[in-house]
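Subject: Structure handover

Hello,

Here is the structure I promised to pass on. Please open it alongside these notes.

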Amino acid sequence: RSVLQTVDARLAPLSLGDTAPPGTPPAGPSASQVPSADVLYSSALRDFIGGKYDLARQEFLDYLKHYGRTQLAGNAQFYIADTYYQQKDFRRAVSEYDKVFNQYSNSYKIAASYLKKGYALLELNERERGVEVLRSLVEKFPGTEEAKWAQARLERLGERVDR
């Protein structure tokens with residue numbers, strides 16, 4: 001979590017002012033009723049860290065609704081998935097991690113999404129798919145912390161790990 005928090009802290013300033021093209025009306029009833037991107041994201045992240053997963057999920061969903069084109073949108077989607085993972089709804093988590101890959105291909109959370117999707121599949125006793133996802137992570141993101149964690153998990157499972 002500390003690595004993810006550090007990355008998010010560094011990225012949060014990048015979301016400021018990066019909402020929608022000029023002249024695009026805000027979604028919803030009134031711009032004054034929607035918190036700014038940084039306030040909404042920070043609040044959601046704080047609630048996630050505090051274990052308020054249902055509240056955090058709703059805040060991240062609101063973030064995507066209003067600021068879905070910002071640099072942190074992929075991170076928000078990752079945390080939506082992670083709320084389900086933390087609540088042990090692994091099937092839903094897998095589906096939500098897939099959205100990070102499919103909708104936010106430039107997200108900083110792609111490697112973390114692969115890792116957590118692999119873990120979730122293992123929790124669902126889908127060993128073959130989980131191992132496949134973890135191996136894919138190691139191949140696509142070598143040298144990352146997530147790849148190291150995936151390698152360690154594969155080794156604990158008795159799986160061959162190519163380095």
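Start with the contacts. Among contacts in the protein chain with a separation of 6 or more, 52% join residues 24 or more positions apart. Keep in mind that this is a predicted model.

Next, the overall make-up. The protein chain has 8 helices and 0 strands. From the N terminus on, the order is therefore simply α-α-α-α-α-α-α-α under the DSSP assignment. Of the 163 residues, 45% are buried.

Then the core. The largest nonpolar core holds 46 residues. Those touching the most other members are Tyr 41, Phe 60, Tyr 63, Leu 64, Tyr 79, Tyr 85 and Leu 134. Two or more core residues come from each of α2 (37-49), α3 (53-67), α4 (73-86), α5 (90-103), α6, α7 (127-140) and α8 (145-156). The largest share is that of α6, with 9 residues.

Helix α6 spans residues 110-123 and includes Ala 120. Its relative accessible area is 0%, so Ala 120 counts as buried; the cut-off is under 20%. Beyond its neighbours within four places in sequence, Ala 120 is in contact with Tyr 85, Phe 90 and Val 94. Arg 92 lies 28 residues away from Ala 120 along the chain. Their C-alpha atoms are separated by 9.4 Å.

Best wishes

Technical notes. Residues are numbered from 1 along each chain as its sequence is written. This is a predicted model: local features need pLDDT of at least 70, side-chain atom pairs count only at pLDDT 80 or more; totals for chains, interfaces and linings use all residues. Side-chain values use heavy atoms; hydrogens and water are left out. Helices (H or I, at least four residues) and strands (E, at least two) are DSSP runs, numbered from the N terminus. Buried means under 20% relative accessible area, exposed over 50%, partly exposed in between (1.4 Å probe, protein chains only). Contact means heavy atoms within 4.5 Å. A nonpolar core is a set of buried Ala, Val, Leu, Ile, Met, Phe, Trp, Tyr and Cys residues joined through side-chain atoms within 4.5 Å.
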